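Morning, everyone. Please take a look at the model on the screen, and then I'll walk you through a few parts of it.

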Amino acid sequence: MKRIAVLTSGGDAPGMNPAIRAVVRKGIYEGLEVYGVYNGYQGLIEGKIEPMTLGFVGDIIQRGGTKLYSARCPEFRTEEGQKRALEQIKKHQIDGLVIIGGDGSYQGSMVLTNHGIPCVGVPGTIDNDIPGTDYTLGFDTALNTVVEAIDKIRDTATSHERTFIIEVMGRDAGDIAVWAGLAGGAETILIPEVNESMESIVQRLESGSSRGKKHSIIIVAEGVMSGNEFADKLKEHTAMDTRVSVLGHIQRGGTPSARDRVMASQFGAKAVEVLLQGKGGRAIGLRHNQIVDYDMKEAFEGKHELDLSMYHLSKELSI
């Protein structure tokens, strides 16, 4: 292992830049040549590959997003696209890659590993939905962004005695909704993992209103329905005055939290160590507060399990 490359793929997440920094600096420390691939798998196909220096990753540990940029790449799913990517890898004499992204990015890295190019995945997604790791890079920062928004919206909800519906990201996983809802004191949380009836939601809201509660916060994960769709359904059952806030892509941006910076540094360094051991098809993760590597197939063939005890606790505390 003499020359490695790093790329970011899929949706951006706070923590990607610190992870890139860790891969580059750990690699150089270990005597490796480190290359950066711009625009994810699309850049790999097009040969957008450049040598990385210590200076390139200077002053990026505090920056959100990814300095290497990211892109979706349907072409890489084709044999022709994979062939072109492999040609570029051979052209630049790259011996292994670190792939920072979600489960889709991991599937691409397994393709390369199966073609003889060892790849190691670093989990970068705000949804915290990759099996095999307790946390993914970007989740903590996104969570704090959502909680800050809830706190601000609650001020207005209190002042105007209204029910606010806040739509958060989470197409297939309710981690952001549950964690933010519990931290923000939301009265109701809707997540893909639990099918709650509108009757029980209305009953909880009316119970609060009957004891004098004049405002409420409802968190809706986008995988359940949109905030506006839920507001329309709620109007069919109650005359409560509601407003909808869709946080959208604000959840993906921003300065990475201290936790995301530390984990990114640990994940990136561990990925380089795994490549130096000659291993490919591995994913980096956090389990029981320990940095580990595990079979990457587990990351996209396994099932992400949300800690539903937090969801039930939020209902108990929002009576």
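Let's start with Gly121. Gly121 is buried, because its relative accessible area is 0%. Buried means under 20% relative accessible area, exposed means over 50%, and partly exposed is in between, with a 1.4 Å probe and protein chains only.

A word on the source. This is a predicted model, where local features need pLDDT of at least 70, side-chain atom pairs count only at pLDDT 80 or more, and totals for chains, interfaces and linings use all residues. Residues are numbered from 1 along each chain as its sequence is written, and side-chain values use heavy atoms, with hydrogens and water left out.

Back to Gly121. It sits in strand 5, residues 119-123. Strands here are DSSP runs of E, at least two residues; helices are runs of H or I, at least four; both are numbered from the N terminus. What does Gly121 contact, leaving aside neighbours within four places in sequence? The partners are Ile99, Tyr106, Arg282, Ala283, Ile284 and Met296. Contact means heavy atoms within 4.5 Å. Gly121 and Val6 are 115 residues apart in sequence, and 9.9 Å apart in space, C-alpha to C-alpha.

Next, strand 8, residues 216-221. Of its 6 residues, 6 are buried. Ser216, Ile218 and Val220 point one way; Ile217, Ile219 and Ala221 point the other way.

Which way does strand 6 pair with strand 8, parallel or antiparallel? Strand 6, residues 163-168, pairs with strand 8 in the parallel sense, over 6 bridges. Two strands pair if DSSP finds at least two bridges between them. Val168 has Ala221 as its bridge partner in strand 8. Strand 7, residues 188-190, also pairs with strand 8 in the parallel sense, over 3 bridges. There, Leu190 stands opposite Val220.

Now two helices. The axes of helix 5, residues 139-160, and helix 6, residues 175-184, come within 9 Å and cross at roughly 45°. That makes helix 5 oblique to helix 6. Angles under 35 degrees count as roughly parallel, over 145 as roughly antiparallel, 65 to 115 as roughly perpendicular, and the rest as oblique. Axes are lines fitted to C-alpha atoms, for helices over the stretch in contact, and angles run from 0 to 180 degrees between N-to-C directions. From helix 5, the contact residues include Phe139 and Arg154; from helix 6, they include Asp175 and Trp179.

Last, Arg204, in helix 7, residues 198-210. Arg204 counts as buried, because its relative accessibility is 19%.
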